[in-house]
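Hello,

Here is the structure for your files. My notes on it follow below.

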Amino acid sequence: MRKPVQKIAFLRSVDIRRADPYIQRCVRDLARLGIESCLFHTHGTADDGDFPGTRRRLDAAVTPAEVAREVAQWGADAAVSISLPCENALRDATVKELLDARGIPTVMTPLPSTLALCDKWETKQLLVRAGLDTPRGVKADADLLAGRGVPVPAYADALRASAAGIGYPLLSKPLWDSTSMGIRALPDAAALDAYLADPPGVSAVIEECVAGALCSVDIVGEPGAYRVLPVCWTGTAGSEPVFTFADLRWCGPRPRADADFEPVAAKLVALCEDLGVRGSVNVDMIYTGSRYVVLEINPRIGGATTLSCAASGTNTFDALADMARGAYTPAPVRRTGWAIEFLSPERLPKAVRAELTARLNLVTAHELVIDEVRHGDIVVFTFAEGDERQTVKHLEELHRTTGWPRQEILDKTRALLTP
């Protein structure tokens, strides 16, 4: 019989504030059950307000073996990965192998599946076999393009022929990046020629450019017990790459899109079963108005996890902790209202924060730091269906008196809520 869990380690690789306020609620819930939590993190700072448990900062270059040793020495009975992006998810999947061998069960997708999902080309093959739509593409091997290894003189011409068969415009995406960085637009054959003449140093996927609404969904659970969170809408896909947090991000009613997603969700859950997913995966997609095209599946929590939790009244971190405790009993998840998220380039003034708290259900407002670069404040708030016009009025009044939110965000929110 499995011994009772009294200490849970949380593994984290980016600022814990991006998990506000749900990680704090989770840790407090665990404390009420008599369970101690410890955050093992490699980036950012954390105090009692960020993580109301034990905290241990590790060096950013820490190895999986060193992480496993630190977690074991602390006396963890179980561990949970809440790291991102994918290169850190891979670290934690390796840590899982080491901790599982020590008798410390770790909530993380198994290493072989994590390796496949970190690789965009491998993921594309999984999606095709699962019967899901994904952009047509071809793998561009950096070693072959650079002339390393076995000479393949026709390789560049083979890529040209493959690209012509797919059709322009195209996008080149690094095989292993999962933060929308390093994407290169290839609008025509001349652009591809320039690309092949000076290829990137890493392998890539060259794929068709699909236009539509960018969206993502988190799937949380373990074999036989998955729940699909509401779809979050994160921007517009076109022929040029965009910063992940550049646009208004939201979760709300979209009846036709919701209906179109149901068969896609069923196929995604079946794929999670096949892969033995344990924990959370984040699926990035484009909705064309008639179909969902799956871009990638990230073997980790997503950048829109707070948004989907807010819109559904759930807590992904509670679910992960329940898996660690052996007490996970998933219930169907439904969207309970609207949730809106956007990036404010400037730090949120205290007066504005107070107004948002008083007039709207402010979920979180915290600084966004990516790779040590500060981007301003991420703001998330929720409201009930039927309160759309009143919410717009609150934001318009706030804009008149404080200049916040900026006009672009106000216009986009108005267009979304009062079409």
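Of the contacts in the chain (heavy atoms within 4.5 Å) with a separation of 6 or more, 69% are between residues 24 or more positions apart. This is a predicted model: local features need pLDDT of at least 70 and side-chain atom pairs count only at pLDDT 80 or more, while totals for chains, interfaces and linings use all residues. Residues are numbered from 1 along each chain as its sequence is written, and side-chain values use heavy atoms, with hydrogens and water left out.

Overall form: the chain has 14 helices and 18 strands (DSSP runs, H or I of at least four residues and E of at least two, numbered from the N terminus). Its radius of gyration, taken over C-alpha atoms, is 22 Å, close to the 22 Å from the globule rule for 419 residues, so the chain is as compact as a globular protein of that length. The rule is 2.2 Å times the number of residues to the power 0.38. The C-alpha trace spans about 65 × 60 × 40 Å along its principal axes.

Burial: 53% of the 419 residues are buried (under 20% relative accessible area, 1.4 Å probe, protein chains only).

A116, L117 and C118 of α4 meet K120, E122, T123 and L126 of α5.

Regards

Technical notes:
Buried means under 20% relative accessible area, exposed over 50%, partly exposed in between (1.4 Å probe, protein chains only).
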